[in-house]
Each structure stands twice: as structure tokens, then as C-alpha cells.
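Subject: Handing over a structure

Dear colleague,

I am passing this structure on to you, with some notes on what was found in it. Please look at it first and then read on.

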Amino acid sequence: MSQTPWDDVDAYLCEHLVPSDDVLDAALKASADAGLPAIHVAPNQGKMLQLLAQLRGARSILEVGTLGGYSTIWLARALPPDGHLVTLESEPHHAEVARANIARAGFADLVDVRIGAALETLEALATEGAGPFDVVFIDADKENTPEYVRWGLKLACAGSVIVVDNVVRRGEIADESSSDPRVQGIQRALRVMADEPALDATAVQTVGSKGYDGFALAVVTA
Ligand code: SAM
């Protein structure tokens with residue numbers, strides 16, 4: 001018996017809709033063996049990211065927060081053979097593990113893993129004229145999430161989709177007096193998403209194998 005009912009439900013949903021996958025299992029094993037924390041998205045969340053990118057007909061994807069490349073592989077699966085994905089990671093060891101996982105998954109030619117603090121690599125992407133990206137997935141340090149949303153918008157185009165992970169934080173998001181800088185970062189990011197006229201956004205609470213959390217979803221309208 002697992003720890004919570006939602007662990008059991010996630011196992012049931014994954015068994016029926018997101019069957020075990022050698023490539024992704026190998027990526028998770030290699031990440032664990034290399035000492036990376038198990039803070040990747042759940043399989044059913046990864047599949048949702050893939051389906052969202054497919055719904056958008058994405059040809060270019062930007063990810064902020066690579067870890068071992070687990071969500072990267074899910075997103076890359078939505079791309080056509082000439083698609084492109086840029087993923088940003090500050091920890092060189094994480095990036096090294098991710099590159100190996102992404103190559104094993106067959107996406108070495110489609111995926112560009114950039115090492116550095118995302119605020120700097122985003123600036124560099126803008127300077128080199130990268131984008132527009134059809135999908136932006138934000139899953140890195142929560143304190144800088146408002147800036148990542150602003151950068152995502154700058155590097156997107158009308159119709160692009162921006163997804164922000166971990167926006168509920170066990171319900172702490174509703175505590176306006178929270179002193180947790182990660183909660184405060186997400187609160188500011190949600191305000192950016194609400195106030196920015198070029199974004200139409202919502203957010204959804206989730207429970208599952210990753211606990212009680214949620215994601216925000218925005219469409220770029222102009
Ligand atoms: N998206 C990944 C997945 O689901 O497989 C999980 C990403 S993990 C939650 C967050 C990652 O962001 C970590 O690997 C961390 O090193 C990286 N990170 C933290 N701060 C960062 C920053 N300022 N710039 C770029 N990456 C950062």
C-alpha cells in the first residue's frame with residue numbers, strides 16, 4: 001500500500017494512460033544514479049506537457065530548469081524532426097546528465113542544453129535573436145519565476161503557450177503573509193500573468209505522486 005490515495009491513483013492513471021517507457025525509465029535511473037534530486041515532473045504531468053505542445057503544433061520549445069532532462073524528453077517528443085528545444089540549467093552536473101539522457105532518447109540534434117543562470121542565458125537568447133518559442137515551460141528557481149514569465153513572453157509570439165510548474169506549493173500560495181521566498185516568487189509570477197494584457201492565464205491545483213501542487217497555463221494573445 002502506498003503512502004496516499006493520490007499515489008495509488010497516479011499509479012493507476014499512469015498504468016492505463018502513460019505506460020512504462022524504457023527511455024524515460026533509463027533517464028530517471030541515470031539521474032538518480034548521478035545523485036540528482038527526484039524533483040522532475042510525474043510521468044502523467046510529462047505526458048500532459050507533450051500533449052499541450054502537440055496541441056499547439058509546437059516547432060520550438062523553451063524550457064527553464066532542465067535537471068536530468070526528464071521533462072525535456074517529454075516535450076521533445078512533441079516536436080517534428082526539424083523542431084528545436086532550448087533548455088536552461090544552472091548546474092553543470094545536471095546539464096551533463098541531461099545531455100546524456102537526451103542523447104540516449106534520440107534528441108541530441110533537436111535539443112540545446114545551455115548552462116548558466118537562466119536570467120543570463122535568457123538575455124543571451126534574446127541577444128542572438130532566438131525564438132519565437134511556441135511553448136515555454138518554467139520549472140526552475142521559484143524566486144525568479146516572475147522574470148522567467150516576462151522573458152517567456154518576450155521570446156514568444158501570439159498563440160504561444162507558457163506553463164509554470166509548482167504554483168500551489170501545498171496550498172501556501174493562498175497565504176499572502178508567507179515569508180517563503182519561493183511562495184512569494186510564485187505569487188508575483190501569478191500577478192504578472194494576471195496583469196500582463198498580452199497573457200490570458202489560469203491555474204489548476206493538482207494532487208498526485210508529487211504531492212499537493214499545481215500549474216499555471218497562459219496563452220499569449222498578442
Ligand atoms: N523540469 C525538470 C523535470 O521535470 O525533469 C525539473 C527541473 S528541477 C525542478 C529545477 C532545475 O532548475 C534544477 O535542475 C536546478 O538546478 C535548476 N535551476 C535552479 N535555479 C536555476 C537558475 N537560476 N537558472 C537555471 N536553472 C536553475
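**Around the ligand**

A nitrogen atom of the ligand lies 3.3 Å from an N or O atom in the side chain of Tyr 148, which is a polar contact in the sense used here (a pair of N or O atoms within 3.5 Å). Taken alone, the ligand exposes 610 Å², of which the protein buries 89%; accessible areas come from the Shrake-Rupley method with a 1.4 Å probe. This is a predicted model, in which local features need pLDDT of at least 70 and side-chain atom pairs count only at pLDDT 80 or more, while totals for chains, interfaces and linings use all residues. Residues are numbered from 1 along each chain as its sequence is written, and side-chain values use heavy atoms, with hydrogens and water left out.

Backbone atoms also take part: a polar one of Val 41 is 2.8 Å from an oxygen atom of the ligand, and an N or O atom of the Ala 118 backbone is 2.9 Å from a ligand nitrogen. Val 41 and Ala 118 are among the closest of the 22 residues that surround the ligand, where a residue counts if one of its heavy atoms lies within 4 Å.

**A patch on the surface**

Val 9, Tyr 12, Leu 13 and Leu 17 make a nonpolar surface patch of about 390 Å². Val 9 counts as partly exposed because its relative accessibility is 46%, and partly exposed covers what lies between buried (under 20%) and exposed (over 50%).

Technical notes: Polar contact = N/O pair within 3.5 Å; in protein donor to acceptor, adjacent residues only side chain to side chain. Patch = residues over 30% accessible without salt bridge, like charges linked within 9 Å, V, L, I, M, F, W, Y side chains within 5 Å. Salt bridge = Lys/Arg side-chain N within 4 Å of Asp/Glu carboxyl O. Buried < 20%, exposed > 50% of the residue type's maximum accessible area, 1.4 Å probe, protein only.
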